[in-house]
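Subject: Structure handed over, with notes

Hello,

Here is the structure you are taking over. Please open it next to this message; my notes follow below.

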Amino acid sequence: MTVLGVSVYPDLRPLEEIRAYLERAAKHGFTRVFTSMFSVPGTPEEVLALFTEFNAAAHACGMEVSLDINPECMDRLGATPNDLSVFAGIKADILRMDGAYGEDDNFAMLQNPYGMKIEYNASALDPASIEALVARGVDKNRILACHNFYPQRYTGFRWDKFREVNDRLSRLGIRIGAFVASHAPDSHGVWDATCGLPTVERLRDYPADLQARILAAAGTTDIFFGNAYATEEELSAVEEALKPAEPRYIKPGLEEEIASWECFGLHLDLESRKIVRVEPLYDLSPVEREILFDFYPLLDMGDSSEWIWRTRVPRVFYADETIVPRRYPGAEFEVGSVVMVNDNYRHYAGEVQVVLRPIVNDGTRNLVGRIDPEEMTLFDVIHDGDLVTFVPAR
């Protein structure tokens, strides 16, 4: 299940203002809050007093607190890897290590008697370091990983590297955090952030709900707004995009069909899905609209070409329906076109296909929709056997 969070900055805004934001976020299902502790100026006593009050306010909103620290911050506050009592005293839930220690000290922190989780910097720490801790028998429920955010435009994490790190951490069963950018006017964050605070540079200017869907599809389990304050509309959109999948109607007979897919190595989680927004085109027939937006499940069986993502399942269950050919004047279907095989190729009629490379329009496919280029980023992380739900674009 995806956990949603926000980031706030008690050194930049008054606590009452922050409290009101946390209350709004909590109403939309947000249960974690991230904040930077090491960047807050003041004496140790002042810093601890500030975060004692802040943690209490966050807990009153039902939120778990992740404090961003580093070894220098720990030294300043009188903490050591073997003694985290100063953080227990302010009722911290999670210590996010922007800079980690060596393996033995990291191991010692994970053995703390207070039940505090330790969250490692997934953008900077080699996954091998976390693999080594897991190999030593550490309780994996105490280990988290969270990527950095990047205030400076063009400096965010590389998309392919992000996916590579997430793949390695996912195999360990570690929860992975990352940040999306709010596009709220006059937002704020650390280091005079004015361009949002996302993890992945490629996603910086995408709508917040699309950023969140892409991160989730790439294995991210804990998704935070990096800058504050996200708008009510953004909070609601992310909540809606990542809410747990409701049980979907499966046509009679499909259970047996699904069971037969195990011979392809496909073991489906029918409660999990990746959501893609599609702009429907033309006046779709009732059967075209039902196949595109209501049929479940849609998935690629794993033997498609480089040219299309293809779900062949609907053709079996709509074999008696007519997919009337619709004339499309273009010689080619462009990338992002959503097409449905029509009755000019009767055996495959009803298949839904997404064009990944331009293909020739030979009259056997109806153009039924179009996917925005930014939305097509999802197909970098939609894998064989992943369940996909198409929803109408806003």
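A word on naming before the notes: helices and strands are DSSP runs, a helix having at least four residues and a strand at least two, and they are numbered from the N terminus. The model is a predicted one.

**The barrel**

Eight strands form a closed barrel in the order β1-β2-β3-β4-β5-β6-β7-β8, and their pairing is parallel. On average, neighbouring strands of this sheet are turned by 25° against each other, direction ignored. One of the pairs is β2 (residues 30-36) with β3 (residues 64-69), which is parallel and has five bridges. Within that pair, Arg 32 has Glu 64 in β3 as its bridge partner.

Helix α5 (residues 103-110) touches β4 (94-97), β5 (117-121) and β6, and its direction makes about 145° with that of β5. Helix α8 lies across β7 and β8 (222-225) and runs at about 155° to β7.

**Three buried residues**

Ser 7 is part of strand β1 (residues 3-7). Its relative accessible area is 0%, so Ser 7 counts as buried. A polar atom of the Ser 7 side chain lies 2.8 Å from the backbone oxygen of Phe 225. Leaving aside neighbours within four places in sequence, the contacts of Ser 7 include Tyr 21, Phe 34, Phe 179 and Phe 224.

His 147 sits in the loop between β6 and α7. This residue is also buried, with a relative accessible area of 0%. Its side chain and that of Ser 123 are joined by a polar contact of 3.0 Å. Not counting residues up to four places away in sequence, His 147 touches a number of others, among them Arg 96, Ala 122, Phe 157, Ile 176, Gly 177 and Thr 199. The list of residues touched by His 147 also includes Phe 162, Val 165 and Asn 166, which are among the buried residues of α7.

Ala 92 is in the loop between α4 (85-89) and β4. Its relative accessible area is 9%, and a residue counts as buried under 20%, so Ala 92 is buried. With neighbours within four places in sequence left aside, Ala 92 is in contact with Asn 55, Leu 67, Phe 87 and Met 116. Ala 92 and Glu 64 are 28 residues apart along the chain, and their C-alpha atoms are separated by 8.4 Å.

**Helix α7**

Helix α7 (residues 159-172) has 14 residues. From first C-alpha to last it reaches 20 Å, close to the 20 Å expected at 1.5 Å a residue. Which residues of α7 are buried? They are Trp 159, Phe 162, Val 165, Asn 166, Leu 169 and Leu 172. These residues cover an arc of only 135° around the axis, and therefore they lie on the same side of α7. The elements that cover them include α6 (127-135), β6 (143-146), β7 (175-180) and α8 (208-217). After α7 comes Gly 173, which has a positive phi, near 75°.

**The open sheet**

A further sheet is open and has six strands, in the order β10-β13-β12-β15-β9-β16, with mixed pairing. Its edge strands are β10 (308-311) and β16 (388-392), each of which pairs on one side only. From one strand to the next, the twist averages 35°.

β9 (residues 274-280) and β16 run parallel and are joined by five bridges. Arg 277 has Val 391 in β16 as its bridge partner.

Strand β12 (residues 337-341) has five of its five residues buried, so β12 is largely enclosed by the rest of the structure. In a regular strand the side chains alternate between the two faces of the sheet. In β12, Ser 337, Val 339 and Val 341 point one way, while Val 338 and Met 340 point the other way.

Both pairings of β12 described here are antiparallel. Five bridges join β12 to β15 (residues 365-370), where Ser 337 stands opposite Arg 370. Three bridges join β12 to β13 (residues 352-355), and there Val 339 has Gln 353 as its bridge partner.

Regards

Terms used:
Residues are numbered from 1 along each chain as its sequence is written. This is a predicted model: local features need pLDDT of at least 70, side-chain atom pairs count only at pLDDT 80 or more; totals for chains, interfaces and linings use all residues. Side-chain values use heavy atoms; hydrogens and water are left out. Two strands pair if DSSP finds at least two bridges between them. Axes are lines fitted to C-alpha atoms, for helices over the stretch in contact, and angles run from 0 to 180 degrees between N-to-C directions. The expected span of a helix is 1.5 Å times one less than its number of residues. Buried means under 20% relative accessible area, exposed over 50%, partly exposed in between (1.4 Å probe, protein chains only). The arc is that of the directions from the helix axis to the C-beta atoms. Contact means heavy atoms within 4.5 Å. A polar contact is a pair of N or O atoms within 3.5 Å; within protein, one must be able to donate a hydrogen and the other to accept it, and residues adjacent in sequence count only if both atoms are side-chain atoms.
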